[in-house]
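Here is a short briefing on one protein structure. Keep the structure in view as you read.

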Amino acid sequence: MKALKPLLISGAEVLPLIEGGKGISVSNGQSSGAWALAGGVGTFSGVNADSYDENGKPIPQTYKGKTRRDRHEELLDYAIKGGIAQARIAHDCMGGNGRLHMNVLWEMGGAERVLHGVLEGAKGLIHGVTCGAGMPYRIAEICAQYGIHYYPIVSSARAFRALWKRAYHKFHDLLGGVVYEDPWLAGGHNGLSNVEDPTKPQPPYDRVRELRNTMRDECGLAETPIIMAGGVWNLKEWEDWLGNPELGPVAFQFGTRPLLTQESPISDAWKKRLVTLKKGDVFLNRFSPTGFYSSAVNNDFIQELRARSERQVAYSAQKVGEHEWPFAVGARGRQVFLTAADKLRAEEWVKQGFTETLRTPDTTLIFVTREKANEILKDQIDCMGCLSSCAFSNWAQNEEGTTGRKADPRSFCIQKTLQEISHSDKFEDQLMFAGHNAYRFRDDPFYSNGFVPTVKQLVERLVTGD
């Protein structure tokens, strides 16, 4: 393989190997500090990161506020304190050397306040911010206030062009790189838009070449690195990208492989589950309350969501057309009208124990057990505004505090499940994000006989191309 050359990232020459910033407490100060110490760029997640008590134990994120706005304020306080704590841990782990980035979702609740709070409280410790899940126009201006680099996450040249024209051209000197996230292969939330067909993946090379052409010809960014994210397992498979004049400077982001390291904070049970995955076990879905597509392991959690949406019928409040068959819903037995075929299906679901009906924003009913209905309603009531706009609870970060639409019971509380999986060994009935190459843990000889590398060992392995 071609020699892997250092690249200037966030003001220092480092290996072009970047740790992906994964979810709630899945990429933290310990893992990112180790990655930076190994010569790459460490990235900790700034999404509701853990903070600690005087004994070093994570502080449980519990909420006492009686209103959503009160709980939202508590959540922001946790997030800011947690982000500062993780930056300090990473800085200590890497001995003050190397490059450290913070990853945030633009669509998370209070994103701007969290960024300001963490960057102010951890001045000098963070060298860059990666930001995706939305169109983060203001990330450039915020990072410029602290003199650090910003790295937007996009999935098309079209998206970057919009960001550049609206905001980034004013702060081009601090644009450290552009992360191209493959919308068909990346884990977690990805950038699959309505323009792309989720069933027809496109090769990343052509899309990244288009991105480079846009950056070079329209923005004067011929030497600004593009960071390839999603589907990167080893560099031998990407050797033709290294030193390629069509692509210019490139680096590679690894999200899935760092999960299986000694410094990774996920549970041992989760790590053991990773090495059992088979091809196709990661499922591209649109259940997320953000409205975005995301990729997660097709476990009991995802299967229940799929089944929940499949037990769904359209209804009418009045007898209209084929909707002429009465059906009683709710404790008061209020009457709605279904088609003949849907009434037969509904009656069969009730016989199977799915006795409770919940209305969706799309004038449909879903059928669930009483236990699941109670769980859904409780989670919606307990909402703490972890997103700027949530389909599940109908919270929105605006004066009204609502999206203006009915809460959608086909989705779920993402804050609750990601906190649970990252702080316990309950992985089967929680959302387990992963990239589509996670099945490769099973057959990669590097992980044979149950071997779990340190971050240093993994980075050394990646440098060889494997």
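The model is predicted.

**Nonpolar cores**
- The largest nonpolar core has 109 residues. Ile126, Phe160 and Phe252 have the most contacts inside it.
- Helix H2 gives this core its largest share, six residues.
- A second, separate core has twelve residues, including Ala12, Val41, Val179 and Ala229.
- Phe160 is in contact with Val154, Tyr168 and Leu175, among others, leaving aside neighbours within four places in sequence. Its partners also include Met215 and Cys219.
- In soluble globular proteins, nonpolar side chains tend to be buried together.

**Helix H3**
- Helix H3 spans residues 111–121. Its buried residues include Ala111, Val114, Leu115 and Val118.
- Among the elements covering the buried residues of H3 are helix H2 (68–93) and helix H4 (139–146).

**A three-stranded sheet**
- Three strands form an open sheet in the order E9-E13-E12, with antiparallel pairing.
- Strands E9 (188–189) and E12 (282–285) stand at the edges, each with a single partner strand, so one side of each has no neighbour in the sheet.
- Two bridges join E9 to E13 (residues 294–297). Gly188 stands opposite Ser295 in E13.

**A buried arginine**
- Arg311 sits in the loop between helix H8 (300–310) and strand E14 (312–314).
- Is Arg311 buried or exposed? Arg311 is buried, yet it has no salt bridge.
- The nearest side chain of opposite charge, Glu304, is 4.5 Å away.
- A polar side-chain atom of Arg311 lies 2.7 Å from the backbone oxygen of Phe367.
- Arg311 also touches Trp349, Phe354 and Leu365, among others.

**Salt bridges**
- The count comes to 29 salt bridges.
- Glu120 and Lys123 form one of them, with the closest N and O atoms 3.2 Å apart. Glu120 is partly exposed, at 43% relative accessibility. Lys123 is exposed, at 55%.
- Glu141 and Arg138 meet in another, at 3.1 Å from N to O. Glu141 is partly exposed at 32%, and Arg138 is partly exposed at 33%.
- Lys372 pairs with Glu375 at 3.3 Å. Both lie in helix H10 (residues 370–381), three residues apart, about one turn of the helix.
- Lys372 is buried, at 19%, whereas Glu375 is partly exposed, at 33%.
- Asp362, Arg405, Asp408 and Arg410 are linked in a network of salt bridges.

Methods
Residues numbered from 1 in each chain as written. Predicted model: local features only at pLDDT ≥ 70, side-chain atom pairs only at ≥ 80, totals over all residues. Heavy atoms only, no water. Pairing = 2+ DSSP bridges. Helix = DSSP H or I, 4+ residues; strand = E, 2+ residues; numbered from the N terminus. Buried < 20%, exposed > 50% of the residue type's maximum accessible area, 1.4 Å probe, protein only. Contact = heavy atoms within 4.5 Å. Lys, Arg positive; Asp, Glu negative; His and termini not counted. Salt bridge = Lys/Arg side-chain N within 4 Å of Asp/Glu carboxyl O. Polar contact = N/O pair within 3.5 Å; in protein donor to acceptor, adjacent residues only side chain to side chain. Core = buried A, V, L, I, M, F, W, Y, C linked by side-chain atoms within 4.5 Å.
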